[in-house]
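Have the structure open as you read along.

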Amino acid sequence: MSTRVPLAGDFVNGDVSFWYRSLGIPTAGEPLASDRDADVVIVGAGYTGLWTAYYLKKASPSLRVVVLEKEFAGYGASGRNGGWLVGELAGTPERYARTHGVDAAKRLQRIMFDTIDEVIAVAGDEGIDADIVKGGVTTVATNAAQDRRLHQLLAHERHWGWTEEDVRLLDAAERESRLRVDGAVNAIWSPHCARIQPAKLVRGLARTVRELGVEIFEHTPVTEIVPREARTPYGTVRADYIIRATEGFTSELKQYHRAWLPMNSSMIVTEPLGDLWDAIGWEGCELLGDMAHYYMYAQRTADGRIAFGGRGKPYLYGSRVDDRGHTHEWTVEALWELLTGMFPALRASRVAHAWSGVLGVPRDWCATVHVDPVTGVGWAGGYTGHGVTTANLAGRTLRDLILREDTELATLPWVDRKVRGWEVEPLRWIGVHTMYDLYRRADAREKAGLGRTSVLARVADTITGR
């Protein structure tokens, strides 16, 4: 690792995530041993799969629910993400309104807000200690172009029903009293976000669903999904419903290889900061984001560190998925430069861990939930980085669709969305890498004094359909 980044003596790169490092990587349970029958089979033991299993068993305890997991429960994005339990939609309200109307899109947004409190309530009821603090989210602008976008974002959210209680502009005094980002010229704050320790949440969910009688078979990769069957090297599980909850790992299933793009996101975490917090603030533990195109996300952890993330190397050719979260040296350097640019005092600190994970990106950047009552095949995902909250709503929606309940959730505008797959290679690789190269260049131009959004960013949005 380059000496440009000061590393802690016990620095770790990869090994799943810092979140698991603090808990200990779990020993995977037993794999599937033979063919078996169930009522519902769920492929993937992350947030989506575990929330679906939880709500199904709560609604109908007699259901035989089986979860099949390639590694261990929570191995993917559920145990590696930035810990943002955030109420923003995966995708734009315009796209949901296009098929279901404006009121339906606004209703989906309100339900997303409520879902934050649902997760917090279930964690409390089930004794899951996930370091949850509902401190909201602060979004900062650090140059004139970002400030213009910040005001455009605020106006857009007002148009879609966000009130002053949902999001508001901070004056300079309140902004600085909350957390002191170097060079910040403006900021907005929303209460609709909570900090979590993601691995604690997914580990607690796995324990809870097992206690409800759900069988989780780990080290059991699913090689094919067909109507009423999930096929593995160790046997086939037959069920009325087969639910794909594989998110960023969906590309590993040959039949769904181009459904969702596996987008890499990377993180670093500092040592505990001690007295350095005096220069930063952040006493409310709100989450932190910015208005850059090549955006970042951060939290103040329960043990007094900053966990800081961004895109890094965004995509591997052929939709390959990284195994243990090893992070490229260039990415660690880029994240450290962004972090210390926002908080110069942190140059006295060191990086303790770096890791990466993948999230699922549909071609239209909007999440979907689907259950085919004829074949029994269903799925949920494509959260584009908003999965901590959205997965809970997906689990409750899948419950209602599987049980054929005529509920408000079953009619939300993300149900049964149809979108084409991603292009063949090398077009995927060229498109994604061109997009992020343009975003980096746009951010550099705006930082240098361009007072409006760079045309390069608009070209990048057009290329990828964001």
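Helix axes here are lines fitted to C-alpha atoms over the stretch in contact, and angles run from 0 to 180 degrees between N-to-C directions. Two packed helices are described by the angle between their axes and the distance between the axes. Please keep in mind that this is a predicted model.

**Helices α3 and α4**

- Where α3 passes α4, the crossing is right-handed.
- On the α3 side the contact involves P93, Y96, A97 and H100, which meet V102, A104, A105 and L108 of α4.
- Sorted by class, the residues in this contact of α3 with α4 are seven nonpolar and one polar, with no charged ones.

**Helices α2 and α4**

- Helix α2, residues 47-59, also packs with α4, at an angle of about 70° and with the axes 14 Å apart.
- Angles of 65 to 115 degrees count as roughly perpendicular, so α2 is roughly perpendicular to α4.
- For α2 and α4 the crossing is left-handed.
- From α2, the residues W51, Y54 and Y55 take part in the contact, and from α4 the partners are E118, V119 and V122.
- This contact of α2 with α4 has five nonpolar residues and one charged residue, and no polar ones.

Key
Residues are numbered from 1 along each chain as its sequence is written. This is a predicted model: local features need pLDDT of at least 70, side-chain atom pairs count only at pLDDT 80 or more; totals for chains, interfaces and linings use all residues. Side-chain values use heavy atoms; hydrogens and water are left out. A crossing is left-handed if the near helix is turned anticlockwise from the far one by less than a right angle, and right-handed if clockwise. Helices (H or I, at least four residues) and strands (E, at least two) are DSSP runs, numbered from the N terminus. Contact means heavy atoms within 4.5 Å. Ala, Val, Leu, Ile, Met, Phe, Trp, Tyr, Cys and Pro count as nonpolar, Asp, Glu, Lys and Arg as charged, and the others, Gly among them, as polar. Angles under 35 degrees count as roughly parallel, over 145 as roughly antiparallel, 65 to 115 as roughly perpendicular and the rest as oblique.
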